[in-house]
Amino acid sequence: MGLVSIKDRKLRLNLKIPNETVKRIDIDFLTNALEFEKIFEINTSKLSDLLAEFALQGDIEVFRYLAKMIKENTGIRDYIQTEQTIKSMYLAYLSLTPYYIIKSEEELNKGFADILLKPFNPYVEYIGLVEFKFIKRSQTPTQKQINNLTKDAQNQLNEYKNDELVQNYLKKGLKLQMIVIVFWGWEMIYCEEYK
C-alpha cells in the first residue's frame, strides 16, 4: 500500500517509512495515536481467524470486529475526524493477512474502491470490495442520511464489480463479497454485505 517499504532483511524483516510525504500524511498520525500512546490494542490472533473466515466463507465479521475495537479503545476517539482515518486503521490491520493483497483507492471501472481485498493465497474463495461512508460526530445521523449514504456506496460497488480485474477473478471461480460500512465518528452504525 506504500505505507512502509523494506529496509533490510536479517533474522527479521525490517521495515521503514518510504518517504516524507507518506510520513507526514499517515504514518505520523498512526505512530502517535497507536504506538506511542498505546491507546489501541487488538487481538491479532482473533483478527487472523476472522480474516480466514472472510477468505473462505465471505463472513464479514472481521469488519465489525475492527469497528468494535475502535469503539472500545476510547483513547483513539480524539483522532477520528475523517473517513480517511478510519480507512487507514482498517488498511493497517487488514494488511496483516497472508490471504490478500490489500489495495486502497484501486481504480476499478473509472472509479476508486476504498478497499480491494485482492486474493494472494490460492485457497482464498472470496475477493472483497469495501466502501466506507462517514458522518462527522458533530452531526446527528438520520435514517434518511444513512440510507442515502448506503445507496451511494452500493452504486459505487455496482460499478467496481464490472471492472475487468474483478470479472477475471469471478471467471476463475472466486466469489465476490461487497461490504458497505458507515461510521458516525468512531462508531460503526451500518455494516452489511451487498449483493
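Analyst: Let's begin with K133, which is buried, with a relative accessible area of 11%. Buried here means under 20% relative accessible area, exposed means over 50%, and partly exposed is in between (1.4 Å probe, protein chains only). One caution: this is a predicted model, so local features need pLDDT of at least 70 and side-chain atom pairs count only at pLDDT 80 or more, while totals for chains, interfaces and linings use all residues. Residues are numbered from 1 along each chain as its sequence is written, and side-chain values use heavy atoms, with hydrogens and water left out.

User: OK, so which residue does K133 form a salt bridge with?
Analyst: D152, and the closest N and O atoms are 2.9 Å apart. A salt bridge is a side-chain nitrogen of Lys or Arg within 4 Å of a carboxyl oxygen of Asp or Glu. This one links distant parts of the chain: K133 sits in strand β5 (residues 126–135) and D152 in helix α5 (residues 143–161), 19 residues apart. Helices (H or I, at least four residues) and strands (E, at least two) are DSSP runs, numbered from the N terminus.

User: And D152, how accessible is that one?
Analyst: D152 is partly exposed, at a relative accessible area of 36%.

User: How many salt bridges does the whole structure have?
Analyst: A search of it finds 10. One of them joins the side chains of K87 and E105, 2.3 Å from N to O. K87 is in helix α4 (residues 83–94) and E105 in strand β3, 18 residues apart.

User: Is K87 buried or exposed?
Analyst: K87 counts as buried, because its relative accessibility is 1%.

User: What's the backbone doing at E105, what's its phi?
Analyst: Near 55°, a positive value in a residue other than glycine. E105 lies within β3, which covers residues 100–108.

User: Where's K110, and what's its phi?
Analyst: K110 is in the loop between β3 and β4 (111–119). Its phi is near 70°, again positive in a residue other than glycine. K110 counts as exposed, because its relative accessibility is 81%.

User: What do β3 and β4 form?
Analyst: A hairpin with two residues between them, and N109 in the turn has a positive phi of about 55°. The two strands pair in the antiparallel sense over eight bridges. Two strands count as paired if DSSP finds at least two bridges between them. If you want a landmark, Y100 stands opposite P119 in β4.

User: Back to charges. Which residues are linked in a network of salt bridges?
Analyst: E61, R64 and E192. Within that group, the side chains of E192 and R64 meet at 3.8 Å, N to O. Those two are 128 residues apart, with E192 in strand β7 (residues 187–194) and R64 in helix α3 (residues 61–72). E192 is partly exposed at a relative accessible area of 37%, and R64 is partly exposed too, at 29%.

User: New topic: where's T97?
Analyst: In the loop between α4 and β3. T97 is buried, with a relative accessible area of 7%. A polar atom of the T97 side chain lies 2.9 Å from the backbone nitrogen of Y99. T97 also touches L51 and I102, leaving aside residues up to four places away in sequence; contact means heavy atoms within 4.5 Å.

User: And the hydrophobic inside, how many residues are in the largest nonpolar core?
Analyst: It has 38 residues, and those with the most contacts inside it include F63, Y90, L94 and I181. A nonpolar core is a set of buried Ala, Val, Leu, Ile, Met, Phe, Trp, Tyr and Cys residues joined through side-chain atoms within 4.5 Å.

User: Which element gives the most to this core?
Analyst: That's α3, with seven residues.

User: What does F63 touch?
Analyst: Among its contacts are F54, Y90, L94, L117 and V130, not counting residues up to four places away in sequence. Apart from that core lies another, of 14 residues, among them L108, L116, Y169 and L174.

User: Great, thanks!

Notes
A polar contact is a pair of N or O atoms within 3.5 Å; within protein, one must be able to donate a hydrogen and the other to accept it, and residues adjacent in sequence count only if both atoms are side-chain atoms.
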